[in-house]
Amino acid sequence: QVQLVESGGGLVQAGGSLRLSCAASGRTDSTNAMGWFRQAPGKERESVAAILRSGAYIYYANSVKGRFTLSIDNAKNTVYLQMNGLKPEDTAVYYCAAARGPLYGSHQLYAPGNYDFWGQGTQVTVSS
């Protein structure tokens, strides 16, 4: 089993920044990918960004490219999502996820169904 704990959400004005963190514990060596997803009220959960634990490939949703940066610190078993230029439409609960995989490429990394472990979520609210 893998446990995931997110932190760093909050309320920010449009144009502002937040950094989300996801600390993983347990059998992290059994996973090959980690990702961030978000879900707004009344909408389906969607992919934001995902990374192979090797760092060899990073996927970004088109809606966040150029504004969000995903990074991983394997020594700390922590994934970070730096979010700049936030917009009201970024408002959602953000979830961290880990996949046993193996996953390869964007066509697998973006799909929530490919992930086995999920955090409890952290709320991000962007005011206009």
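**Close-up views of a predicted model**

View 1. Leu20 stands opposite Leu81 in S8. The model is predicted: local features need pLDDT of at least 70, side-chain atom pairs count only at pLDDT 80 or more, and totals for chains, interfaces and linings use all residues. Residues are numbered from 1 along each chain as its sequence is written, and side-chain values use heavy atoms, with hydrogens and water left out. Strand S3 (residues 18–26) and strand S8 (residues 78–83) run antiparallel and are joined by six bridges. Strands pair if DSSP finds at least two bridges between them. Strands (E, at least two residues) and helices (H or I, at least four) are DSSP runs, numbered from the N terminus.

**View 2. The open sheet.** Four strands line up in the order S1-S3-S8-S7, with antiparallel pairing. Strands S1 (2–7) and S7 (68–73) stand at the edges; each has a single partner strand, so one side of each is left without a neighbour in the sheet. From one strand to the next, the twist averages 15°. Axes here are lines fitted to C-alpha atoms, and angles run from 0 to 180 degrees between N-to-C directions.

**View 3. Asn77 in its loop.** Asn77 lies in the loop between S7 and S8. Its phi is positive, about 50°, although Asn77 is not a glycine. Asn77 is partly exposed, with a relative accessible area of 21%. Partly exposed lies between buried (under 20%) and exposed (over 50%), using a 1.4 Å probe and protein chains only.

**View 4. A cis peptide bond.** Gly101 and Pro102 are joined by a cis peptide bond, with omega about 5°. Pro102 sits in the loop between strand S9 (92–99) and helix H1 (106–109).
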